[in-house]
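Dear colleague,

I am handing over the structure we spoke about, and my notes on it follow directly below. Please read them with the coordinates open beside you.

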Amino acid sequence: QGQLVESGGGLVQAGGSLRLSCAASGRTFSTYAMGWFRQAPGKEREFVAAINWSGRTTAYADSVKGRFTISRDNAKNTVYLQMNSLKPEDTAVYYCAAGTTYSNYDYWGQGTQVTVSS
């Protein structure tokens, strides 16, 4: 059984930065694609970013492109989401996920709250 635990969320002013971490345990996820998703109150969960197993290929939602950067350290079994130039509309619970492909995620974390004040 694998487990994903997110951390690094919090309250930040618009224009600020946060770095989310997702630590994996229980199994190695070095061969898995990893993704970040978010869900704002009253809205459906949406894709934010993804990275392939090697870290060489990434994908981003248009809304975060140029502001967010996903990366991974397979030696530490950890994936990161660097979020810069944050906007109030980035406020959401952010979830980490692991899967065999970008579109098929088998493991999910419990989420970490990000709140951006204007």
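**Notes on the predicted model**

Gln 39 is partly exposed, with a relative accessible area of 32%, where buried means under 20% relative accessible area, exposed over 50% and partly exposed in between (1.4 Å probe, protein chains only). This is a predicted model, in which local features need pLDDT of at least 70 and side-chain atom pairs count only at pLDDT 80 or more, while totals for chains, interfaces and linings use all residues. Residues are numbered from 1 along each chain as its sequence is written, and side-chain values use heavy atoms, with hydrogens and water left out.

To stay with Gln 39, this residue is found in strand β4, strands (E, at least two residues) being DSSP runs numbered from the N terminus. Its side chain reaches the backbone oxygen of Lys 43 at 3.1 Å, which falls under the definition of a polar contact (a pair of N or O atoms within 3.5 Å; within protein, one must be able to donate a hydrogen and the other to accept it, and residues adjacent in sequence count only if both atoms are side-chain atoms). Leaving aside neighbours within four places in sequence, Gln 39 is in contact (heavy atoms within 4.5 Å) with Glu 44, Arg 45, Ala 92, Val 93 and Tyr 95. Arg 56 is 17 residues away from Gln 39 along the chain, and the C-alpha atoms of the two are separated by 26 Å.

Gln 3, which lies in strand β1 (residues 3-7), is also partly exposed, at 48% relative accessibility. Beyond four places in sequence, the contacts of Gln 3 are with Ala 23, Ala 24, Ser 25 and Phe 29.

Two polar residues are buried. Thr 112, in strand β11 (residues 112-117), counts as buried because its relative accessibility is 11%, and a polar atom of its side chain lies 3.3 Å from the backbone nitrogen of Gly 9. Its contacts, with neighbours within four places in sequence set aside, include Glu 6, Leu 20 and Tyr 94. Asn 52, in the loop between β5 and β6 (58-60), counts as buried at 16% relative accessibility, and a polar atom of its side chain lies 3.0 Å from the backbone nitrogen of Gly 55. Not counting residues up to four places away in sequence, Asn 52 touches Tyr 32, Ala 33, Thr 57, Arg 72 and Tyr 102.

The structure holds 1 cavity of 30 Å³ or more, a cavity being a set of points on a 1 Å grid over the protein atoms alone where a 1.4 Å probe fits but cannot get out, with lining residues having an atom within 4 Å of a point. About 50 Å³ of space lies in the largest cavity, and its lining is made up of Ala 24, Phe 29, Met 34, Arg 72, Asn 74, Asn 77, Thr 78 and Val 79.

With best wishes

Key
On a 1 Å grid over the protein atoms alone, a cavity is a set of points where a 1.4 Å probe fits but cannot get out, and a pocket is an open set with protein on both sides within 12 Å along at least five of seven lines; lining residues have an atom within 4 Å of a point. Grid points are joined across faces, edges and corners, and a volume is the space filled by probe spheres set on the points. Helices (H or I, at least four residues) and strands (E, at least two) are DSSP runs, numbered from the N terminus.
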